[in-house]
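Have it open while you read.

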Amino acid sequence: APPPPMHEPAFHYERAAACARARRRHLPPARRLEDSALIVELLTRAYERLRAQRRQRLILGLGAQMADEYYACSNYEMALAFLSRVLDVYRRERWAAAADHAGRRLRDCAQRLGRSADWATAAAQVLPRALTPDPAAA
């Protein structure tokens, strides 16, 4: 059985990354990029620890955080890679809000990279959700 969350080093890596993200808001722009590298490193360490334990949902959450961090530091190529992975799972698991966010970010990354085919695919993935009524609301 996996250790309790507080005893798992991945938890502490993720919390340290969250603290660094909070601190970044108060830094000058030149330091923010350095902090992004630190945040990605911390999230990567947590990701690797959880991957070794096959904790899929936690890995997914870290992947989404890593995608957001890569996006924040304008590394759209890496953000696109992580978003593609998490979006597939979000859609399969029917996590509508998370899938919509990831789909929009994916579309924006593809647009910034000038990849019209990826942009069209991402736009098509977000579009049906916006046009189809929510069965739970009926």
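This is a predicted model: local features need pLDDT of at least 70, side-chain atom pairs count only at pLDDT 80 or more; totals for chains, interfaces and linings use all residues.

Residues are numbered from 1 along each chain as its sequence is written, and side-chain values use heavy atoms, with hydrogens and water left out. The chain has 6 helices and 0 strands, where helices (H or I, at least four residues) and strands (E, at least two) are DSSP runs numbered from the N terminus.

**Overall make-up**

- Going along the sequence, you read α-α-α-α-α-α.
- The chain has 138 residues, and 33% of them count as buried (buried is under 20% relative accessible area, exposed over 50%, partly exposed in between, with a 1.4 Å probe and protein chains only).
- Take the contacts in the chain with a separation of 6 or more: 49% of them come from residues 24 or more positions apart (contact means heavy atoms within 4.5 Å).

**H1 against H2**

- Two packed helices are described by the angle between their axes and the distance between the axes.
- Helix H1 (residues 9-24) and helix H2 (residues 29-53) have axes that come within 8 Å and cross at roughly 165 degrees; axes are lines fitted to C-alpha atoms, for helices over the stretch in contact, and angles run from 0 to 180 degrees between N-to-C directions.
- That angle is why H1 and H2 are roughly antiparallel (under 35 degrees counts as roughly parallel, over 145 as roughly antiparallel, 65 to 115 as roughly perpendicular and the rest as oblique).
- H1 passes H2 in a left-handed crossing, a label used if the near helix is turned anticlockwise from the far one by less than a right angle, with right-handed for clockwise.
- On the H1 side the contact includes Pro9, Ala10, Tyr13 and Glu14, while the H2 side includes Arg31, Arg32, Asp35 and Leu38.
- Sorted by class, the H1 and H2 contact holds 12 nonpolar, 1 polar and 9 charged residues (Ala, Val, Leu, Ile, Met, Phe, Trp, Tyr, Cys and Pro count as nonpolar, Asp, Glu, Lys and Arg as charged, and the others, Gly among them, as polar).

**H3 and its partners**

- H2 and H3 pack at about 165 degrees with axes 9 Å apart, so this pair is roughly antiparallel.
- The H2 and H3 crossing is left-handed.
- Among the residues that meet here are Ile39, Val40, Leu43 and Tyr47 in H2 and Leu58, Ile59, Leu62 and Met66 in H3.
- This H2 and H3 contact divides into 11 nonpolar, 4 polar and 2 charged residues.
- H1 and H3 have axes 12 Å apart and an angle of about 25 degrees, so they are roughly parallel.
- H1 also passes H3 in a left-handed crossing.
- Glu14, Arg21 and Arg24 of H1 make that contact with Leu62, Gln65 and Glu69 of H3.
- The class count for H1 with H3 is 1 nonpolar, 1 polar and 4 charged residues.

**The core and Leu83**

- The largest nonpolar core has 32 residues; such a core is a set of buried Ala, Val, Leu, Ile, Met, Phe, Trp, Tyr and Cys residues joined through side-chain atoms within 4.5 Å.
- Leu83, Tyr90 and Cys109 have the most contacts inside this core.
- H1, H2, helix H3 (56-72), helix H4 (76-93) and helix H5 (96-113) each supply at least two of the core's residues.
- Leu83 lies in H4 and counts as buried because its relative accessibility is 3%.
- Leaving aside neighbours within four places in sequence, Leu83 touches Ala67, Ala102, Arg105, Leu106 and Cys109.

- Arg54 has phi near 60 degrees, a positive value in a residue other than glycine.
- Arg54 lies in the loop between H2 and H3 and is exposed, at 68% relative accessible area.
- Ser74, also not a glycine, has a positive phi of about 65 degrees.
- Ser74 is in the loop between H3 and H4 and is partly exposed, at 45%.
- Leu33 lies in H2 and counts as exposed at 54% relative accessibility.
- Leu33 and Cys73 are 40 residues apart in sequence, yet 6.2 Å apart C-alpha to C-alpha.
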